[in-house]
Amino acid sequence: MNVVRGPGRPGRVEMRDDTPHLVTTQTFDWPGLRLEAGRNNISHVDDIAGIHHYISMNLDDRPLTLEVKGQHGFRRVVLRRGSAWVCPAGDLISVRLNSTFNYVRMSIDPVYFDRLVANEPADSSVELVRTYGIAKSQIGHILGALVAESDAGNPGGLAFVEALAAGLSHQVALHAGAKAPSVARLRGGLSAAAKRRTLELMDAQMDAKLTIGVLALEAGLSPAHFARAFKETMGLAPHRYLLARRIDHARRLLDAPNAALADVAHRTGFADQAHFTRLFKREFGVTPGFVLRSRRRGVAL
């Protein structure tokens, strides 16, 4: 488990001795996502915090009872079939489980989650709060679609997985989120026309060595003024925004039947395959080579 333990505490996860951990679906090669379905054998966790946002759903016909530790000791939480609960990344939790039960679980990288739910790169992130008993939502349908996609070897490709992940993230934000306090915006961003021309140039020449000078000329501004105005408008410095666009485009190119890492790296403007691999892994937690190998194994099946 990718966990962060409590400060000064020996945080632990304990399993039931009488029940094996049965996993029916498992996918770790989707960038930013981890999916698992099966039968639970965890008896309790003590002072554990996840690196990623965590969503879990009870698939048993019988209700699941959780005993969750709060400020005044443990309290009971009952989850009926189809009910989900959400635990944000970094939220320290202690919980006891009263039974083995069928589940589906998904973890989402917080940076990836924020990108999926934001309408614009400059939007403030959505703060999640731990939430139990989410029943009337589309979370179950989307998790079911992701399980089916995983079991079939991901025939829809990463773009389809991202569409499902975006839908799931919006549902999680709706039922377990509170909008982060907005930050006062400064004046002096790009005009609508300058923004459109700049983004069009970035998309059209993604494999070129675009400089601040070239982008500023397209916007009709000095390099220093352009850099300040772009960050004010888009929430990221020009080179950071362009890098994010290149990595995202590269992720989509990996869906091509005959995708090759060196070609994808070249087409998205990276210096070489090693540079591309390093930045891709930093962004998504897995290497592009791992994504390709996993996809090909799925197709071969």
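A residue counts as buried under 20% relative accessible area, as exposed over 50% and as partly exposed in between, with a 1.4 Å probe and protein chains only. This is a predicted model, in which local features need pLDDT of at least 70 and side-chain atom pairs count only at pLDDT 80 or more, while totals for chains, interfaces and linings use all residues. Residues are numbered from 1 along each chain as its sequence is written, and side-chain values use heavy atoms, with hydrogens and water left out.

**Helix 7**

- In helix 7, the buried residues are Pro238, Tyr241, Leu242, Leu243, Arg246, Ile247, Asp248, Ala250, Arg251 and Leu253; helices (H or I, at least four residues) and strands (E, at least two) are DSSP runs, numbered from the N terminus.
- The 16 residues of helix 7 (residues 238–253) should span 22 Å at 1.5 Å a residue, which agrees with the 22 Å between its end C-alpha atoms; the expected span is 1.5 Å times one less than the number of residues.

- An open sheet is formed by 6 strands in the order 3-4-11-6-9-13, with antiparallel pairing, where two strands pair if DSSP finds at least two bridges between them.
- Strand 3 (22–27) and strand 13 (131–134) are the edge strands, each pairing on one side only, and the twist from one strand to the next averages 15°.
- Strand 3 and strand 4 (residues 33–39) run antiparallel and are joined by 5 bridges, with Val23 standing opposite Gly38 in strand 4.
- Helix 2 (residues 139–151) packs on the sheet, touching strand 3, strand 4, strand 6 (53–58), strand 9 (84–87), strand 11 (102–108) and strand 13, and its direction makes about 85° with that of strand 3; contact means heavy atoms within 4.5 Å.

**Helix pairs**

- Helix 1 (residues 110–117) and helix 3 (residues 157–176) pack at about 90° with their axes 9 Å apart; axes are lines fitted to C-alpha atoms, for helices over the stretch in contact, and angles run from 0 to 180 degrees between N-to-C directions.
- Helix 1 is therefore roughly perpendicular to helix 3, a term for angles of 65 to 115 degrees.
- Tyr112, Phe113, Leu116 and Val117 of helix 1 make this contact with residues of helix 3 including Glu162, Ala165 and His170.
- The axes of helix 4 (residues 192–204) and helix 6 (residues 223–234) come within 12 Å and cross at roughly 90°.
- That contact is made by Lys195, Thr198, Leu199 and Met202 of helix 4 and by Phe226, Phe230, Thr233 and Met234 of helix 6.

Methods
Angles under 35 degrees count as roughly parallel, over 145 as roughly antiparallel, 65 to 115 as roughly perpendicular and the rest as oblique.
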